[in-house]
Amino acid sequence: MEEGTLESPSHCAVTMDGTDGADTDPFQWDTREDCQVRQILDRVADKWSLLVIALLDNRRLRFTELRREIDGVSQRMLTVTLRQLERDGLVKRTVHPVVPPRVEYELTPLGGTLHSTIRSLVTWTEAHQGEIAAAREAYDERVGAASG
């Protein structure tokens, strides 16, 4: 560890001089694997987590309903994703005492705040998808011409 740096798993850019590192190195947290910010971003930005959070907006769904709605997700991957989201406090799992057991998932209030952020990202993507498609096409032509 660098001299003057505090060990702080919750905030990875705090130094002894009292600065938070934001002005000097905005991506300092991204270089340390034990940083909680990086771990949380890795979790919530993964494609399965994003889809689960989007689907659970203002509703409860059973595991089978989620699996049916998420094209390409395996049973194991959905189970792992739901457990991680539950552990992070973003999803609530409710088991109903019936035979066979009925399990439902819903967003927690914290998960709901993340959903609004995801909605903003989707809105941005929809607004700029034409520009992105044009940039991709121009890039592919440029790279194709250079290698051909």
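This is a predicted model: local features need pLDDT of at least 70, side-chain atom pairs count only at pLDDT 80 or more; totals for chains, interfaces and linings use all residues.
Modeller: Residues are numbered from 1 along each chain as its sequence is written, and side-chain values use heavy atoms, with hydrogens and water left out.

Biologist: Why is Asn58 called exposed?

Modeller: Exposed means over 50% relative accessible area, buried under 20%, and partly exposed in between (1.4 Å probe, protein chains only). Asn58 has 75%, so the word exposed applies.

Biologist: What is the phi of Asn58?

Modeller: Asn58 has a positive phi of about 60°, although it is not a glycine. Most residues other than glycine have a negative phi.

Biologist: What makes E1 and E3 a pair?

Modeller: Strands (E, at least two residues) and helices (H or I, at least four) are DSSP runs, numbered from the N terminus. Two strands pair if DSSP finds at least two bridges between them. E1 and E3 have 2 bridges, so they pair, in the antiparallel sense.

Biologist: Why are E1 and E2 at the edges?

Modeller: The open sheet has 3 strands in the order E1-E3-E2. E1 and E2 each have a single partner strand, so one side of each is left without a neighbour in the sheet.

Biologist: Where does helix H5 bend?

Modeller: Helix H5 (residues 109-147) bends by about 60° at His128. The bend is the angle between axes fitted to the seven residues ending there and the seven starting there.
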